[in-house]
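Good morning, and thank you for coming.

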Amino acid sequence: MVDKGYRAVIADDEPLLRHHLNKLLADAWPELEIVGLAKNGQEALELIELHQPEIIFLDIKMPQLDGMSAAKVIAKSGSEAQVVFVTAYDEFALQAFEANAADYLLKPLSEQRLDQCVAKLKRRLNSQQAQPSQPDVSALINQIQQLSSQNTPSYLSWLRASKGDDIHLIAISDVLYFKAEDKYVSVFAKSGSKTNEYLLRTSLKELMQQLDPNQFWQIHRSTIVNVSAIEKVKKVITGKMVVMVGNEKLPVSRAMQSQFTNLW
C-alpha cells in the first residue's frame with residue numbers, strides 16, 4: 001500500500017537526540033513529514049494543535065510539561081494520534097504496558113527498533129481494522145507512572161564542588177562537562193553568560209555511576225559531557241571526532257564515536 005502523507009511531531013528536551021530521531025526517521029520513513037520539533041511538552045501541545053499530526057513522539061522526561069502530562073492532555077482532547085513514548089526504562093519494565101502503547105522507543109535509539117516501530121505505525125494507520133482500536137493512553141500513563149515510582153534510579157540533582165576556599169552548590173542541569181585531572185574532577189558549569197570551573201574530590205568512574213546516562217555521556221576516558229550542552233559534532237583534519245560545547249572542543253574516543261556516527 002502506498003503511504004499516505006502522514007505528519008509527526010517530535011518532543012525531546014535534548015537537542016542532539018531530537019536531531020538524531022529526526023535523522024533516523026528520515027531514513028526509515030522518507031514519506032513521513034516532521035512538522036515540528038519541541039523541547040518540552042508545552043511546545044509539543046502547541047505544535048500538535050497547529051499541525052494536527054497523526055504521530056507524536058514524546059520523551060517521557062521533559063521540563064515544564066513532561067511527556068506523560070502532555071499525553072494526558074492529548075488523550076482528553078479526543079485526538080486519534082498515535083503516541084510513541086521515548087523512554088529510558090528497560091524492556092522488562094516496558095513489557096507491563098507494551099500492549100497498550102502505540103509503541104515505544106528505548107534510549108539509546110536503535111535503527112532496527114525504529115524500523116519495527118515504523119512498520120507497526122504503518123499497520124495501525126493504514127489498516128481499517130486497526131482504525132477504531134486506539135491505544136488506551138490514559139491506562140498506559142498510569143502504568144508508566146507506577147513503574148516510574150518503583151524502577152527509576154535516583155541520580156544526582158545537585159553537586160557540592162569547591163572553587164578556591166569556597167564550597168558551591170551547583171545544579172546538575174547547569175553542568176556542561178566534567179574533566180578528570182589527576183586525583184580530581186573539574187566541573188565546568190554555566191553561570192549566566194560565563195562558564196565557571198570547580199573541583200570535585202571524586203573519580204570520574206564514581207561520578208558516572210551517579211549521573212543519568214541519558215543526560216551525561218562519557219565521550220572519553222577523561223571526559224563526561226552533558227548531551228544537551230553539545231552544540232555540534234565535527235570531524236577534524238586528523239579524522240578524529242570532537243564535540244563542541246561553547247568554544248571548547250572535546251575529543252571523542254574511538255570507542256564512543258558510534259554514539260554520533262548516525263548523525264551523518
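The model is a predicted one, in which local features need pLDDT of at least 70 and side-chain atom pairs count only at pLDDT 80 or more, while totals for chains, interfaces and linings use all residues. Residues are numbered from 1 along each chain as its sequence is written, and side-chain values use heavy atoms, with hydrogens and water left out.

Let me start with the chain as a whole. It holds eight helices and 15 strands; these are DSSP runs, H or I of at least four residues for helices and E of at least two for strands, numbered from the N terminus. Of the 264 residues, 45% are buried, where buried means under 20% relative accessible area, exposed over 50%, and partly exposed in between, with a 1.4 Å probe and protein chains only. Among contacts between residues at least 6 apart in sequence, 53% join residues at least 24 apart, a contact being heavy atoms within 4.5 Å.

Now the spaces. On a 1 Å grid over the protein atoms alone, a cavity is a set of points where a 1.4 Å probe fits but cannot get out, whereas a pocket is an open set with protein on both sides within 12 Å along at least five of seven lines; lining residues have an atom within 4 Å of a point. Points are joined across faces, edges and corners, and a volume is the space filled by probe spheres set on them.

The second largest pocket has a volume of about 210 Å³. It is lined by 11 residues, of which Leu 17, Pro 108, Leu 109, Trp 217 and Gln 259 are the closest to its centre. By class, the lining has five nonpolar, five polar and one charged. Here Ala, Val, Leu, Ile, Met, Phe, Trp, Tyr, Cys and Pro count as nonpolar, Asp, Glu, Lys and Arg as charged, and the others, Gly among them, as polar.

As for cavities, the whole structure has one of 30 Å³ or more. The largest cavity has a volume of about 50 Å³, and its lining includes Leu 17, Arg 18 and Leu 21. H1 gives the most to this lining, with three residues. The lining has seven nonpolar, no polar and four charged residues.

I turn to the core. Nonpolar side chains tend to be buried together in soluble globular proteins. Leaving aside neighbours within four places in sequence, the contacts of Leu 58 include Ala 11, Ile 74 and Phe 85.

Finally, Gln 64 sits in the loop between E3 and H3. Is Gln 64 buried or exposed? It counts as exposed, because its relative accessibility is 70%. Its phi is near 65°, a positive value in a residue other than glycine.
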